[in-house]
Amino acid sequence: MAQQKGSAVGFIVLTWNSAEYAEKCIRSILRIESRPVALLVVDNGSVDGTVEIVEALAVQDERMRLFRESENRGTTVSRNIALRNLGEEVGYVCILDSDTIVNEDAVEALIALLESDPTIGLAGPTMRTSAGVKQLSGRNLPSLGIKLRKACPVSAIAEKGARMERPSAEIVNGVQDVGYLLSACWMMRHSVLDEVGMLDERIFYAPEDVDYCVRVHRAGFRVVWCHNAEIIHEYQRLSKRKLVSKMNWEHAKGLVYYFRKYGYLFNADRVFDEYKGYLI
């Protein structure tokens, strides 16, 4: 297993036409004083003033680095650019969406959890909107049945799909094992990143979060939802803005790729057929 590195937290933030949210996210990260912080922002060809906002903040704080892409390259390629540029001082990696607002208590709670149990490879907090609406931060692995039910216009069927998605593991001391965590906020040891590797760039937008969590499981680690840590996530849901859009098309392609990669449509347990360690 790779050796643990420094004590700093490396925050990876991806922006794409995020002018409404980016400054609040970045300032919340730079307010953390409990440990050293490195902030790497990758912009995916924004045209709404996001770049200018981020550049102005970067000039004010040497802990920030901005990587500019000329077009939207999706979530995996862009995040990997930042992940490959993490310094040796970074012992913990936090992947964030630009519409999040973090706080020191949540960051330290997630790190403390990782430090307390080496079997945990990836941890995520409870996420709420600024209006207080709680989100399903951790979920069961997807199946075709879950996806079709959730997309059904009949509310009773859609609600059943949503229930099937909810993790069933017991919450112990605020910690719950899950199939996967939404990548709006992930915390992991740098050594786990070294072992599991980069995000799969054959997925453009989604379900890159599902795929990576499966790989964390297969590397012998747990993926957990830390209910006692909370951050704000405004939850833009880019794929829901239009019924027919590039994001929805890329999401559909990603799902097809994911199901082919792991060889299942209906029974997610098949993901672990060749894995002899921890099972959800």
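N173 is located in the loop between α6 (155-165) and β8 (175-177); helices (H or I, at least four residues) and strands (E, at least two) are DSSP runs, numbered from the N terminus. The model is predicted, so local features need pLDDT of at least 70 and side-chain atom pairs count only at pLDDT 80 or more, whereas totals for chains, interfaces and linings use all residues. Residues are numbered from 1 along each chain as its sequence is written, and side-chain values use heavy atoms, with hydrogens and water left out.

Although N173 is not a glycine, its phi is positive, at about 50°. With a relative accessibility of 72%, N173 counts as exposed; the term exposed applies over 50% relative accessible area, buried under 20%, and partly exposed in between (1.4 Å probe, protein chains only). Another residue other than glycine with a positive phi is N17, where the value is near 50°. N17 belongs to the loop between β1 and α1 and is partly exposed, its relative accessible area being 31%.

Two further loops deserve attention. In the loop between β3 and α3 lies S70, which counts as exposed because its relative accessibility is 76%. The loop between α7 (190-196) and α8 contains P207, and the peptide bond leading from A206 to P207 is cis, with omega near 5°.

T76 is part of helix α3 (residues 74-83) and is buried, with a relative accessible area of 0%. Beyond its neighbours within four places in sequence, T76 has contacts with L199, D200, E201, I203, F204 and E208, where contact means heavy atoms within 4.5 Å. In helix α1 (residues 22-30), the buried residues are A22, C25, I26, S28, I29 and L30. The cover over these buried residues of α1 includes the strands β1 (8-15), β2 (37-44), β3 (64-69), β4 (90-97) and β5 (100-101), together with the helix α2 (50-60).

Two packed helices are described by the angle between their axes and the distance between the axes. For helix α8 (residues 208-218) and helix α9 (residues 246-262), the axes come within 11 Å and cross at roughly 20°. Such axes are lines fitted to C-alpha atoms, for helices over the stretch in contact, and angles run from 0 to 180 degrees between N-to-C directions. Accordingly, α8 is roughly parallel to α9 (under 35 degrees counts as roughly parallel, over 145 as roughly antiparallel, 65 to 115 as roughly perpendicular and the rest as oblique). V210, D211, V214, R215 and R218 of α8 make the contact with Y258, K261 and Y262 of α9. The residues of this contact comprise 4 nonpolar, no polar and 4 charged.

At the level of the whole chain, the secondary structure amounts to 9 helices and 11 strands. The C-alpha trace spans about 50 × 45 × 35 Å along its principal axes. The radius of gyration of the chain is 18 Å, which agrees with the value near 19 Å that a compact globule of 280 residues would have; this radius is taken over C-alpha atoms, and the globule rule is 2.2 Å times the number of residues to the power 0.38. Of the 280 residues in the chain, 53% are buried. Among contacts with a separation of 6 or more, 80% are between residues 24 or more positions apart.

Methods: Ala, Val, Leu, Ile, Met, Phe, Trp, Tyr, Cys and Pro count as nonpolar, Asp, Glu, Lys and Arg as charged, and the others, Gly among them, as polar.
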